[in-house]
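Biologist: Could you put the model up so that we can go through it together?
Modeller: Here it is.

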Amino acid sequence: MPSPKARSSAARSGSVPCTGGNVRYEFISLNRAPPPQLLQRQGSDPTTARLRASESPNRRRGSGSSTSSAGGQQLPEEDCMKLNPSIVGIAFSSLLAIDLWLSKRLGVCACEDASWGSVRPLMKLVEISGHGIPWLAGAAYCLYKSDSAAGQEVLLNLLMALFLDLVLVGVMKAVVRRRRPAHNRMDMFATFSVDGYSFPSGHATRAAMCARFLLAHLVLAAPLRVLVLLWATFVGFSRVLLGRHHVTDVAFGFFMGYWQYNLVEMLWLSPVVLQSMIGQLH
């Protein structure tokens, strides 16, 4: 049996041999380098073992995480979670989520199997009434048949307004490139390349602009004026009911069409310009 002095000297040296039958236990101090016998037994040199013992657990964890991040593929910035989003970003995301949910709930005529699928043919007639081709063809025919200078002036500016609407809406759709709702059934009348995009609604812009144009330049009775306003509103609502557009597409379309009329008034073609154009045609 070893003496107490031998035990204390062995404890200070960092290795306390304990004999319990045939088993031998050795305790290594974390503050001192391991003895040469243990280093030789592990097959490593003293310098490497001393470096391993001096590393802290936090440093080892940090090196492991850096190795895994370096060995793995770095995630793109847009896929990383933002821990401090801005108020504007939160508001925009919430508005977009509400818009998608409300547009899907209101798309009751998106297909024949929908809840209001029987009303779909009527909604498609309203859709055609707000399409650009019938308006362009009708305005051109009326201009050709008109005999008065005042009527020709109004119809010529209406044609200019319709072409301006097509250009502005096409540019806006090409820039924003928002897809149409997922529940939309693409069976529209006379579509073009930019019609694959949703923002803004061209029917809504055209309805709002033409309604202001007709109310400003045609002498209409009160019931007809109310009918024009109801037609413009119904055209906008039909876009959401058919599943063609989101709610914000139609809302912005009404806003854009309303202010497009102000641009038409600024670019208004006078009778002098009209007479010169007619003279060049003849």
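Biologist: What share of the 282 residues in the chain is buried?
Modeller: Buried residues make up 31% of the chain, where buried means under 20% relative accessible area with a 1.4 Å probe and protein chains only. This is a predicted model, in which local features need pLDDT of at least 70 and side-chain atom pairs count only at pLDDT 80 or more, while totals for chains, interfaces and linings use all residues. Residues are numbered from 1 along each chain as its sequence is written, and side-chain values use heavy atoms, with hydrogens and water left out.

Biologist: How many helices and strands are there?
Modeller: The chain has twelve helices and two strands, taken as DSSP runs (H or I of at least four residues for helices, E of at least two for strands) and numbered from the N terminus. Their order from the N terminus is α-β-β-α-α-α-α-α-α-α-α-α-α-α.

Biologist: At what angle do α7 and α8 pack?
Modeller: Helix α7 (residues 132–145) packs on helix α8 (residues 149–176) at an angle of about 160 degrees, with the axes 9 Å apart; axes are lines fitted to C-alpha atoms over the stretch in contact, and angles run from 0 to 180 degrees between N-to-C directions. That makes α7 roughly antiparallel to α8, a term used for angles over 145 degrees.

Biologist: Which residues of α7 and α8 make the contact?
Modeller: With contact meaning heavy atoms within 4.5 Å, α7 contributes Trp135, Leu136, Ala139, Ala140, Cys142 and Leu143, and α8 contributes Gln152, Leu155, Leu156, Leu158, Leu159, Leu162, Phe163 and Leu166. By class, the residues of this α7 and α8 contact are 13 nonpolar, one polar and no charged, where Ala, Val, Leu, Ile, Met, Phe, Trp, Tyr, Cys and Pro count as nonpolar, Asp, Glu, Lys and Arg as charged, and the others, Gly among them, as polar.

Biologist: And how do α8 and α9 cross?
Modeller: The axes of α8 and α9 come within 10 Å and cross at roughly 155 degrees, which makes α8 roughly antiparallel to α9. Among the residues that meet there are Asp165 and Lys173 in α8 and Arg206 and Phe213 in α9, and the contact of α8 with α9 has nine nonpolar, four polar and three charged residues.

Conventions
Parallel < 35°, antiparallel > 145°, perpendicular 65-115°, else oblique. Buried < 20%, exposed > 50% of the residue type's maximum accessible area, 1.4 Å probe, protein only.
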